[in-house]
Structure formats: structure tokens, C-alpha cells
Amino acid sequence: MNRLFIYILTLGVFLTATSELIVSGILYVIASDLHISVALAGQLVTVYSLAFAFLTPVIVFFTSRWERKRVLLLSLVLFMLGSAASIVPHLGVILVSRALLGVSSGVYLVTAFAAAAKISPPDKVGAAIGTIVLGFSSAMILGVPIGIAITKWLNWQSIFVILGVLSLLMSLVILRFLPRISGDEPASLRRQFRVLSSGIIASLLLLSFFRESGNSVLLTYLTTFLNELLHLNAGTISLLMLVLGLIGAMAARLGGSGADRWGTRRIILASLIMHVSALLLLLLPLFTGSLAAEIVLIGFIMFSMFMGGPALQTHVIKQAPESSSLVLSLNTSTIHLGLAAGAGSGGMLIERTSTVLYNPWLAGIVVTLGLGTALLSFALGKRHSAQPS
């Protein structure tokens with residue numbers, strides 16, 4: 001029965017993740033419709049991520065006592081408001097809508113992770129987190145390609161109308177089927193600072209920042225890369241995003257179950273080494289003349305990215321199980337700070353060079369910093385474990 005509840009949570013993640021990912025998938029369409037540059041349109045990702053990063057911990061803190069169903073329903077109400085505001089064809093209103101979507105998605109994701117961890121046996125937490133992450137990769141498999149298709153058939157605002165209606169239905173499903181799951185004990189400000197003062201937690205947060213910042217430099221402008229440099233049309237890009245999403249889904253499942261079987265550290269390191277072989281990212285600009293080589297490289301990047309996600313979230317939970325909601329909110333906020341930094345720095349690089357060609361090089365450098373931070377964090381963890389209690 002717990003598996004059914006986790007699938008319900010995953011469906012909600014699918015909806016919220018689609019609202020996040022779809023903007024990158026139709027970035028050039030939004031830019032054209034609003035008569036702004038692609039780099040400026042990319043800052044819609046930045047606003048979403050900043051709202052996610054700074055407001056999610058605040059709401060998680062003040063709702064920490066609440067039963068989890070109430071928090072999930074609150075987040076979906078905010079999500080509906082953000083979806084409604086997205087249909088107004090004005091940049092200022094859309095920026096506000098992205099902020100609402102960002103914070104609502106953040107609260108939902110943190111609550112879903114914490115709830116899944118609470119209702120799963122200790123040796124199945126990684127698999128449960130992997131299933132939740134599957135909602136994110138499913139948004140790439142189905143949400144983004146369908147969103148691109150809807151944009152071609154109708155317009156991009158229609159996507160958010162549909163998401164708003166589906167989130168209302170999701171609220172009714174959660175209200176009807178999800179069991180009562182208790183919240184955490186409230187965390188004082190002193191306790192929050194004590195968690196942040198841990199070298200292990202701080203280094204893991206830094207790892208998340210570098211990892212997601214590097215990913216965002218590349219992924220925010222990936223459809224632009226495919227369109228402008230590889231000369232793919234919208235239909236081909238939609239099909240390719242479907243394939244990449246399938247790769248991500250397979251990797252998330254493998255990473256979640258692998259974390260339970262072989263340990264979170266091994267999966268995290270394996271994914272980062274694959275990711276930054278830095279050649280996977282650094283080679284992309286050198287093979288724009290070979291479509292097959294580019295697709296293979298992007299596929300490897302997507303696999304490594306999604307394989308490491310569930311293991312990293314599970315590892316963070318295990319470092320402070322008594323404050324799982326707190327550390328998860330800090331980690332997911334750091335992830336979205338990284339996404340915002342990546343989208344912003346990627347846009348600045350495009351403005352300076354007038355091309356997306358060099359974004360993979362910047363991404364490779366940043367993710368390599370993440371690998372170094374992971375090695376530092378695991379060394380600190382071993383030293384802490386070796387100390388007498």
C-alpha cells in the first residue's frame with residue numbers, strides 16, 4: 001500500500017516539474033512572443049529558482065508541525081494560482097507567476113521527499129526517493145515533449161491552463177487517498193544554524209550547488225543549442241527530449257535502487273565521474289558537426305545527472321534523519337540557487353559571445369568543482385565516523 005502512496009506523490013512531482021522544465025523547452029517561443037531576447041527569457045528560470053530557493057525553507061519551517069497532507073494541499077493551491085497568472089502575456093506578471101510556481105513546487109517536492117522517507121522501510125528509502133525523482137524525469141519524457149506539441153498546436157499559455165486543471169484534480173486525489181503522515185518536530189533557529197555548522201552538511205549543500213549550477217548552464221539553453229547549432233526543428237527536438245527523458249527515468253530508478261544496494265557515496269561518485277569525465281561536457285562544442293556524437297554525449301550527461309539525484313537526496317537525509325524536512329529544504333533550496341546561478345551565468349555567456357556554443361565548457365568546469373566537493377564531503381564523513389562517540 002505504501003507504494004501506491006508514493007506513486008501519488010510522484011504524480012504531483014510530475015506536474016510541478018513540468019511547470020519548471022517546460023520553460024527551457026519553449027524558451028525561444030516565449031522570447032519571440034514577448035519580443036525579448038532568449039537570454040532575458042532564460043531569467044524566467046532564474047526567478048523560479050530563486051523563489052524556490054529562498055521561500056521554500058520559510059514555508060517548510062512554519063508548516064513543520066502540520067500534517068503532511070495539509071502542506072501538500074497548500075502547495076497545490078499556490079501552484080494553481082501561479083498557473084493562472086502564467087496565461088497573462090506580460091513579462092512582469094509572468095515573472096510573478098514563475099515565483100508562485102517556484103515556491104509551490106519547492107514546498108511540494110520537499111514534503112513529498114520527507115513523506116516518502118517516513119512511510120518507507122529504512123532499507124528502501126533510496127528506492128522511494130528514486131521513484132519520487134522519477135516524477136521529475138517523467139516530466140522530461142512526457143511533460144516537456146507534450147508541452148512543445150501543445151505550443152505548436154495552440155500556444156504556450158495553454159500549457160499552464162492544463163497544468164492548473166490537473167493540479168486541481170491532483171488535490172482531490174491527495175485529499176481522498178493519501179494517509180495521515182505526521183510532520184516533524186519544529187526546528188528552532190539555533191537548531192537550523194547547528195545543522196548548517198556541520199562541515200558534512202555544508203559540503204553536501206555546496207556539492208548540490210555546483211552540480212545543479214553546471215547542469216543549468218547546459219540544460220536551460222539545451223533546446224536553443226539543439227535548434228541553433230544542430231539545426232533540429234521543433235518536432236525533432238520534442239522526440240529527442242522524449243528519448244532523453246526515458247534515459248533519465250532509467251537512470252533515476254538505477255540510482256535509487258543502487259543507493260540502497262551499494263551505498264549512496266558510491267553512486268554519487270560514479271555519477272559525477274561519468275558526468276565530468278569533463279570530456280562529456282567539454283567535448284560537446286567540438287562535435288557540432290556530428291549529430292550522432294552530440295546525441296550520444298548528451299545522453300551520457302542525462303544518464304549521469306539523473307542517476308546521482310536520488311542517491312544525493314538519500315545521503316542528505318541520512319546525515320540528519322531527525323531533521324529530514326529541514327535538511328531537505330536546505331538542499332533543494334541550494335539546488336535551485338544553483339539552477340538560478342547556472343541560468344544567469346549561461347545567459348551572460350550567451351550575451352557576451354552571441355552563441356550557446358561555449359555553455360557546455362562552462363558547465364563542465366562547474367560540475368568538476370562539484371566532484372571535488374563530493375570527495376571533500378565524504379572524507380569529512382569518514383573522519384567523523386572514525387571519531388569515538
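**View 1. The salt bridge between Arg211 and Glu212.** Arg211 forms a salt bridge with Glu212, the closest N and O atoms being 2.5 Å apart, where a salt bridge is a side-chain nitrogen of Lys or Arg within 4 Å of a carboxyl oxygen of Asp or Glu. A search of the whole structure finds 1 salt bridge. Arg211 counts as buried at 5% relative accessibility, and Glu212 is likewise buried, with a relative accessible area of 12%; buried means under 20% relative accessible area, exposed over 50%, and partly exposed in between, with a 1.4 Å probe and protein chains only. This is a predicted model, in which local features need pLDDT of at least 70 and side-chain atom pairs count only at pLDDT 80 or more, while totals for chains, interfaces and linings use all residues. Residues are numbered from 1 along each chain as its sequence is written, and side-chain values use heavy atoms, with hydrogens and water left out.

View 2. About 670 Å³ of space lies in the largest cavity, and a search of the whole structure finds 4 cavities of 30 Å³ or more. On a 1 Å grid over the protein atoms alone, a cavity is a set of points where a 1.4 Å probe fits but cannot get out, a pocket is an open set with protein on both sides within 12 Å along at least five of seven lines, and lining residues have an atom within 4 Å of a point. Grid points are joined across faces, edges and corners, and a volume is the space filled by probe spheres set on the points. The lining of the largest cavity comprises 38 residues, and Glu20, Leu21, Phe136, Glu212 and Leu339 lie nearest its centre. Elements that give two or more residues to this lining include helix 1 (2-25), helix 7 (125-153), helix 10 (199-219) and helix 16 (324-353); helices are DSSP runs (H or I, at least four residues), numbered from the N terminus. By class, the lining has 23 nonpolar, 12 polar and 3 charged residues, with Ala, Val, Leu, Ile, Met, Phe, Trp, Tyr, Cys and Pro counted as nonpolar, Asp, Glu, Lys and Arg as charged, and the others, Gly among them, as polar.

**View 3. The largest pocket.** About 290 Å³ of space lies in the largest pocket, and its lining includes Asn2, Arg3, Ile6, Tyr7, Lys124 and Arg253. Helix 1 gives the largest share of this lining, 4 residues, and helix 1 and helix 7 each supply at least two. The lining residues divide into 6 nonpolar, 3 polar and 3 charged.

**View 4. Two loop residues with positive phi.** His35 is found in the loop between helix 2 (27-34) and helix 3 (38-41), and its phi is near 60°, a positive value in a residue other than glycine. Ser354, in the loop between helix 16 and helix 17 (359-386), also has a phi near 60°. Most residues other than glycine have a negative phi. His35 is exposed, with a relative accessible area of 73%, and Ser354 counts as exposed at 65% relative accessibility.

**View 5. Gly199 and Gly381.** The C-alpha atoms of Gly199 and Gly381 are separated by 8.8 Å, although the two residues are 182 residues apart along the chain. Gly199 is found in helix 10 and counts as partly exposed at 39% relative accessibility.
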